[in-house]
Amino acid sequence: MTPKQTIHKYESNMYRVFLILIYIIYLPTFLVAQQKETYIKAGLFYDSQQNVLLKNKIIYVKGTRIVSIGDFNSLPNDKYVIDLSEYTVLPGLIDAHTHVLFSQDADADFSEHSIQSLTMETDALRVLRGAKRAKSYLDVGITSIKDLGNSGLFLDVALRDAINEGTIEGPRIFASGPIIAATGGQIYGVAPKHQSIIDLEYRIIKSVEDAKIAVREHINQNVDLIKIAADNLPNNTRLSIDEIESIVKTAHSYGLTVTAHTVSNQSAWDAIKAGVNGIEHGFNIADSTLALMAKNKIFLVPTENSRAYMNIYANLAGLEKDNLGWIDKYIDTLKNRLANVISKGIPIVAGSDNYTNIGVSAGKSSQDMFRAYFEAGMKPLDILQAATYTSALHLNKENEIGVLKPEAYADIIAIKGDLNTDFVKSVESIVFVMKDGEVYYQQSN
Ligand SMILES: [Zn+2]
């Protein structure tokens with residue numbers, strides 16, 4: 001390079017720096033000017049924090065966030081308005097227990113299907129299938145999901161990132177990464193020489209120290225929360241209190257919450273004693289354990305199904321029609337437990353855990369949780385709160401999602417019908433879905 005060329009190069013570089021500076025100085029004003037403004041007229045407005053329905057509200061949305069909530073008379077002239085005055089407007093719903101990277105037929109065995117998926121379904125295919133399932137949640141107004149493992153080696157995190165960067169459409173995903181579990185995980189019946197295959201789906205820990213390392217590995221992969229299997233039933237292994245404590249302490253030190261899958265009362269008790277933030281399922285749970293949950297303000301995600309769902313499931317699974325008394329027993333148990341949980345003041349978070357293919361989309365299948373809770377005696381607004389504000393609290397995101405207030409994300413949906421007199425039908429009648437300030441679906445009149 002000659003000196004002359006160097007001077008010329010220097011000058012053109014200076015010009016480039018000048019242009020970049022101008023760009024940096026004016027970029028913020030440019031961005032603000034570009035942000036879309038929308039006013040939403042809500043005939044009925046669900047205040048999820050207070051758990052009440054209010055009338056005639058205006059939601060002012062700018063960019064991806066809510067700016068303010070006002071009355072109808074706060075609507076400025078000549079602004080773009082979405083008129084939902086005939087409907088009930090709610091924060092986008094949250095399903096706090098999903099497995100979008102896993103789906104099995106009703107007559108399939110969970111363990112066999114897991115092995116099949118790990119050996120015969122490539123990660124690429126698994127993620128593409130998961131992406132379709134994830135998107136179906138938006139169709140039913142579920143704008144956030146807490147996805148709890150059975151998702152290979154952090155495929156849930158990849159799916160979340162692809163959605164967040166706008167590569168594909170889908171709900172907000174709060175991803176746990178592989179479930180942290182004791183020997184064997186939940187995949188029962190695997191011969192000793194093939195046990196290593198389980199490491200592709202679970203993070204099997206070997207000691208208190210290893211428990212700590214497992215959490216660090218998860219944090220290194222940018223998970224949003226930690227999910228443990230406190231027990232592995234029907235696999236007869238479980239985490240010790242010391243191991244769970246090590247997981248909880250490490251996760252909390254990084255600002256992450258821990259939620260525990262429990263089937264037995266013993267594992268629920270151990271998990272709560274060790275300091276977890278939430279219990280998933282809690283199918284068997286003694287009064288003394290519930291009292292401890294209430295005292296420590298531990299969230300419960302009861303993942304049950306309605307009678308209608310169970311009938312479809314039994315039919316698809318090929319179970320004998322005249323031998324379905326267990327469904328009555330299941331429904332009764334659910335009803336009694338939920339009443340017990342409510343009476344003790346334990347915060348309830350809505351979660352479906354519907355990974356069985358019952359012939360409808362994953363999102364549609366998730367809606368069954370609303371019916372199940374309703375049939376078990378929960379009141380309509382309490383169910384909505386369990387699927388919005390309380391769920392956001394459980395995720396430590398109560399100022400961002402599950403709520404319609406200034407600075408929260410503009411995840412806003414509307415439903416048709418009367419929530420008080422026709423709850424199940426109206427919560428399933430989605431007429432409008434907005435996520436991040438973008439309209440995803442709007443029913444044409
Ligand atoms: Zn689950």
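Tutor: Let's start where the helix stops: after H10 comes Gly345, and its phi is positive, near 75°. Keep in mind that this is a predicted model.

Student: Okay, now the helix itself. How many residues does H10 have?

Tutor: H10 runs over residues 325–343, which gives 19 residues. From first C-alpha to last, H10 reaches 28 Å, close to the 27 Å expected at 1.5 Å a residue.

Student: Which residues of H10 are buried?

Tutor: Here's the general idea. An α-helix has 3.6 residues a turn, so residues three or four places apart point the same way. In this case, the buried residues of H10 are Ile327, Ile331, Leu334, Arg337, Leu338 and Val341. They sit on the same side of H10, because they cover an arc of only 135° around the axis.

Student: And which residues are exposed on the other side of H10?

Tutor: There you'll find Lys329, Asn336 and Ser343, which are exposed.

Student: What do the buried residues of H10 pack against?

Tutor: Quite a list! Their partners are strands S15 (278–281) and S16 (299–301), plus helices H8 (287–295), H9 (307–316) and H12 (368–375).

Student: Are His97 and His99 buried or exposed?

Tutor: Buried means under 20% relative accessible area. His97 is at 0%, so His97 is buried. His99 has 9% relative accessibility, so His99 counts as buried too.

Conventions. Residues numbered from 1 in each chain as written. Predicted model: local features only at pLDDT ≥ 70, side-chain atom pairs only at ≥ 80, totals over all residues. Heavy atoms only, no water. Helix = DSSP H or I, 4+ residues; strand = E, 2+ residues; numbered from the N terminus. Expected span 1.5 Å × (residues − 1). Buried < 20%, exposed > 50% of the residue type's maximum accessible area, 1.4 Å probe, protein only. Arc of directions from axis to C-beta. Contact = heavy atoms within 4.5 Å.
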